[in-house]
Amino acid sequence: MPPEIAWKRGYKGGNADLWSLGVLLYKMLSGEFPFKGRTEKDLFEDIQKGIFEIPEFITEGAKNILLGLITLIPEKRMNCKELMDLDWFNEVKSQFIIEPLTESSNNIKEEKKDNNLNSSSSYLPSINIPIV
């Protein structure tokens, strides 16, 4: 929950979503959430302070993104364009290998139908996600 919501200033779209993206990225990279509290009140207080530690094993590029997204003042948060222009983001994005759907993919779908599986199921391309 972004601090502006914890402060009861309401949800204002993009900036709040970018905070949440930062929290999710932190969780994906570290395995933990940046803010902790034994109670909901403690958690809200930690969020409103905006102080969190970034583990040493997180790369410098990822640290910069986390600090840019998990920023107390919504207007000072990194925006989508800034995020997508960063070298770290583009390096990670380039490591994703997405196999395009092909005619053989349709054959797999047909085989599933023939095997009495739910005919509404669809074949999804495999995605190899690197650990960063």
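In which helix of the protein is confidence lowest, and in which is it highest? The model is predicted, and its mean pLDDT is lowest in helix α7 (residues 103–114), at 51, and highest in α4, at 92. Over the protein, the mean pLDDT is 76, and 61% of the residues reach 70 or more. Residues 111–124 stay under 50 in pLDDT, and the model has 9 contacts beyond four places in sequence for them. Where pLDDT is low, the predicted coordinates should not be read in detail.

The protein has 7 helices and 2 strands. Along the sequence these elements follow the pattern α-α-α-α-α-α-β-α-β. Of the contacts with a separation of 6 or more, 54% are between residues 24 or more positions apart. The protein has 132 residues, of which 27% count as buried. It exposes about 9,400 Å², and carbon and sulfur atoms supply 56% of that area.

Helix α4, where confidence is highest, also takes part in a helix pair. Two packed helices are described by the angle between their axes and the distance between the axes. For helix α2 (residues 14–30) and helix α4 (residues 60–69), the axes come within 8 Å and cross at roughly 145°. The crossing of α2 with α4 is left-handed.

On the α2 side, the residues in contact are Leu18, Trp19, Leu21, Gly22, Leu25, Tyr26 and Leu29; they meet Ala62, Ile65, Leu66 and Leu69 in α4. By class, this contact has 10 nonpolar residues, 1 polar residue and no charged ones.

Notes. Residues numbered from 1 in each chain as written. Predicted model: local features only at pLDDT ≥ 70, side-chain atom pairs only at ≥ 80, totals over all residues. Heavy atoms only, no water. Axes fitted to C-alpha atoms, helices over the stretch in contact; angles between N-to-C directions. Helix = DSSP H or I, 4+ residues; strand = E, 2+ residues; numbered from the N terminus. Left-handed = near helix turned anticlockwise from the far one by under 90°. Contact = heavy atoms within 4.5 Å. Nonpolar A, V, L, I, M, F, W, Y, C, P; charged D, E, K, R; others polar. pLDDT = per-residue confidence, 0-100. Buried < 20%, exposed > 50% of the residue type's maximum accessible area, 1.4 Å probe, protein only. Areas by Shrake-Rupley, 256 points an atom, 1.4 Å probe, with all protein chains shown as cover.
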